[in-house]
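Trainee: I would like to learn how to read surface features from a model. Where do we start?
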Amino acid sequence: IIYSLTFGVFIVILRIRTANQIDSAEYELTFMNDYSVVVKGIPRNGFTDDELKSYLETFGGKVLELSYARYFGGMLSDY
């Protein structure tokens, strides 16, 4: 019985500690949606990637990468 109680207390303490570590790790991580912008209404042709980058950089900041998605189902917030 003493071993069972000790094991139970150990499991409870371990669960609390790991929950705290997971919360702090999620706070420190950077996700794609932290620095992503969704731009709607971009024409399919008539511009180059460099022209689009230059245009988007006029709003402040540096554009590191362009990714095109014609349909993403609003999934950006999940990443």
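Trainee: Is I11 buried, partly exposed or exposed?

Mentor: Keep in mind that this is a predicted model. Burial is read from relative accessible area: under 20% is buried, over 50% is exposed, and partly exposed lies in between. I11 has a relative accessible area of 38%, so it counts as partly exposed.

Trainee: Which helix holds I11?

Mentor: I11 sits in helix α1, which covers residues 2-28. The chain has two helices and zero strands in total.

Trainee: How much of the chain is buried?

Mentor: Buried residues are 4% of the 79 in the chain.

Trainee: How many aromatic pairs does the structure hold?

Mentor: One. Its members are Y55 and F59, with ring centres 5.3 Å apart. The angle between the planes tells you the geometry, and over 60 degrees counts as edge-to-face. Here the angle is 85°, so the pair is edge-to-face.

Trainee: Is F59 buried or exposed?

Mentor: F59 is exposed, because its relative accessibility is 61% and the cut-off is over 50%.

Definitions and conventions:
Residues are numbered from 1 along each chain as its sequence is written. This is a predicted model: local features need pLDDT of at least 70, side-chain atom pairs count only at pLDDT 80 or more; totals for chains, interfaces and linings use all residues. Side-chain values use heavy atoms; hydrogens and water are left out. Helices (H or I, at least four residues) and strands (E, at least two) are DSSP runs, numbered from the N terminus. Buried means under 20% relative accessible area, exposed over 50%, partly exposed in between (1.4 Å probe, protein chains only). Rings of Phe, Tyr and Trp (its six-membered ring) pair if their centres lie within 6.5 Å; planes under 30 degrees apart count as stacked, over 60 as edge-to-face and the rest as tilted.
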